[in-house]
Amino acid sequence: MDAALSDYVVFTGGWSKPQNRQRIGTWSSRRPARYILEQKCRLEYNGKQRYLYSSCSEVMGAGAGSFSASCFQLDCPRVFLLVKTFPSQRRDAKELWELLFSDPLQWWDHRFDKTNFRYPDFKHKTTEESLWIDKWSTPSWVRSELATLAPGTIPRNAYSWSVRITRYVKDGQSGKALELFQDMQKQGVKPDKFTFVSVLKACASLFALEEGRYIHAQVLSSGCDLDIYVWNGLVDMYGKCGSIYDACIVFNTMPEHDVVSWNSMIAAYEKCGYGEKALECFQQMHREQIEPDAITFLGGLNACSSLLAIDEGKKIHQNVIEHGFESDIFIASSLIDMYARCGAVEDGWRVFSDAEQRDVVLWNSMIMGYLKCANWNKAWALFQQMQEEGVKPNSATFVGILNGCAEVAALEEGRRLHAQTIQGNWASDAYVGTCLVDMYIKCGCVQDARRVFSNMPVRSVVSWNVMIHGYLQCGQGERVLQLFQQMQQEKVNLDSITFLGIVNACASVAALEEGWSVHASIIRARLEMDIFMENCLVHMYAKCGSIEDSCRVFRNMSKWDGISWNAMLEGYAMHGLGNEALLLFEEMCWKDIRMDDCTFLSLLSALSHSGLVDEGGYCFESMSPIYGVQATVKHYCCMVDLYGRLGLLDEAEDIIKTMRHQPDACVWMVLLNACRIHNNVQVGERAAMHVFESDPENESGYVLLSNIYAAAGNWDSTHQARTKRGEHKQQACTLMS
């Protein structure tokens with residue numbers, strides 16, 4: 001024997017918790033110690049720990065260094081223990097380093113893939129002895145020798161590659177995991193099923209469908225034993241990548257299904273927008289008597305939420321109770337969310353009230369449930385009750401309640417929340433800070449929003465987008481362009497939403513040069529030029545006075561929708577290009593484009609500015625019988641303007657009288673303005689009378705009427721009109737005071 005058996009001590013129990021360890025005796029040559037079979041034992045020798053795994057007949061121990069094996073009969077009959085004894089003296093660091101350089105193929109090389117500095121740089125494949133380069137006992141000559149031992153000199157097997165890939169996936173570095181998988185193949189290492197499972201998870205987290213299909217092909221061609229874990233990984237990957245067709249094919253090809261398979265399929269249907277299929281899958285699983293778990297119920301409840309299927313949701317709720325999952329916090333939160341989305345928030349409240357333990361997640365779900373049902377008062381009261389019961393709100397709580405403040409413009413409560421976030425150090429959170437900016441903007445406090453935005457330590461692109469669209473809502477396009485310059489200076493990665501806001505800002509201030517610069521930035525950023533962006537560019541160039549650029553963008557579009565055609569028609573109307581607008585309208589008819597009220601409004605406006613009265617009359621008369629578009633007040637205003645520009649005031653008055661609904665002051669004001677241009681007192685007096693009947697305090701009507709009288713030399717009537725205007729103005733001031 002290499003070592004005395006009395007040096008060995010056997011323990012049972014858990015290795016991570018010392019209080020669970022139980023010393024059951026020592027071994028001696030005279031009387032072997034009795035031990036408990038069918039348990040994992042720890043063998044300790046001179047501070048060196050090794051493990052023993054028991055079976056019905058023998059216990060195998062992992063040895064270190066050279067060893068000899070002996071069998072000792074225990075007190076239990078017909079049971080033997082195979083003991084691997086260890087050398088009496090441990091090898092020092094110098095001897096191990098010499099062994100490494102003499103035969104590197106016997107060592108694992110972890111120098112360039114370890115994530116914890118405590119993990120060894122080298123580990124022996126057999127003895128599991130470890131070496132650290134930075135350890136004090138490392139000889140000085142080791143570093144120079146390691147320069148000749150380049151990475152890759154020590155080969156790795158599939159298991160070591162799988163460990164590294166899995167580690168990257170768990171750390172959220174799926175891109176590096178895929179790169180490592182490629183390196184593994186370049187070095188000729190054949191992946192096993194564990195490797196494929198980890199790589200499929202990486203593809204799922206990156207939504208890398210093409211890479212996932214490539215991995216799937218390798219799985220089929222590798223010839224490795226495909227167990228249910230690989231099949232489940234394929235279903236999960238295709239579902240998360242949005243390819244429900246491939247997920248169904250893999251699922252139907254599987255030789256067997258477990259609960260994970262069904263969960264992956266339900267989640268795939270729900271993610272791809274097939275809520276009905278997800279419920280069918282849930283019901284089929286129940287018919288096949290597969291025992292569901294918590295994830296199964298979560299998938300079914302999410303499908304009910306998306307479909308607003310409250311009856312099916314109540315059935316799943318009953319199944320949850322039958323299987324004893326009603327105390328699960330996540331399932332309770334999903335139940336509350338489902339009931340709230342279906343409009344049965346009181347059922348959600350009962351789930352919340354019956355919960356044995358209510359943590360911050362459950363409180364957040366109930367608060368969000370009231371907000372989804374537009375019940376701000378109860379949400380705010382629940383938020384206060386939550387803190388009274390000693391539950392501290394988290395970032396999700398503040399995000400939800402701040403969004404509720406923004407929807408109802410509750411500025412006072414929003415300021416209180418702002419103070420609370422500062423006290424709880426939540427204002428530095430990017431999501432909370434963005435919601436504060438949005439709340440102040442929707443409450444009309446742009447300066448406060450900008451102050452919060454400027455004090456944010458970390459600003460995501462979403463924060464910038466909220467501030468940009470806040471300025472747009474307040475009509476401050478110049479501030480948006482200043483933010484755009486600041487984003488470029490800080491090298492912020494702009495997305496399509498950012499560019500949409502900046503393009504609209506250029507249109508609002510007619511900044512053509514800035515519009516050209518933004519368009520060039522979009523091209524350089526290689527963003528996908530979707531139809532929304534192209535429509536905004538068409539509108540922006542038209543508003544900035546460059547109808548040629550607007551037409552060029554329109555003609556280069558890969559596809560058009562109704563907004564695209566209307567934007568181009570509106571551009572022609574802005575520039576008074578009636579003939580071009582008419583040709584575009586004919587092209588729409590030829591391509592069978594659906595017309596709406598905006599189409600005819602832009603067309604009639606363009607024809608009005610061009611004086612094409614016959615074409616305008618034909619288009620107006622054909623709106624309802626041919627295109628099925630009912631004329632509104634704005635369309636009548638365009639026709640009155642069209643006739644009024646040409647001095648056809650009687651025709652303009654007649655078309656007002658043919659309106660199906662009561663004409664308002666706006667229509668008569670258009671006619672009154674035309675009478676001022678053409679000095680028609682009689683029609684002007686009738687138009688003014690209708691204006692004052694509809695809107696007695698319309699000062700503009702008195703101004704236009706007095707101008708008509710003055711142009712005709714009727715100074716008495718001019719004085720009377722101005723006197724009435726002054727009287728109405730004095731009455732208004734008296735009421736205000």
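**Note on selected side-chain features**

1. Lys591 sits over the face of Trp560, 5.0 Å from the ring centre; a charge counts as over a ring if NZ of Lys or CZ of Arg is within 6 Å of the ring centre and within 35 degrees of the ring normal. Arg459 likewise lies over the face of Phe453, at 4.8 Å from the ring centre.

2. The model is predicted: local features need pLDDT of at least 70, side-chain atom pairs count only at pLDDT 80 or more, and totals for chains, interfaces and linings use all residues. Residues are numbered from 1 along each chain as its sequence is written, and side-chain values use heavy atoms, leaving out hydrogens and water.

3. The structure holds 20 aromatic pairs (rings of Phe, Tyr and Trp, the last by its six-membered ring, with centres within 6.5 Å; planes under 30 degrees apart are stacked, over 60 edge-to-face, the rest tilted). Trp349 and Tyr370 form a tilted pair, 6.4 Å centre to centre with 40° between the planes. Trp349 belongs to helix H14 (residues 345–354) and Tyr370 to helix H15 (residues 360–372), so the pair ties together parts 21 residues apart in sequence. Helices are DSSP runs of H or I, at least four residues, numbered from the N terminus.

4. Tyr370 is buried at 4% relative accessibility, whereas Trp349 is partly exposed at 26% (buried is under 20% relative accessible area, exposed over 50%, partly exposed in between, with a 1.4 Å probe and protein chains only).

5. Trp376, Trp380, Phe383, Phe398 and Trp426 make up one aromatic cluster.

Notes: Helix = DSSP H or I, 4+ residues; strand = E, 2+ residues; numbered from the N terminus.
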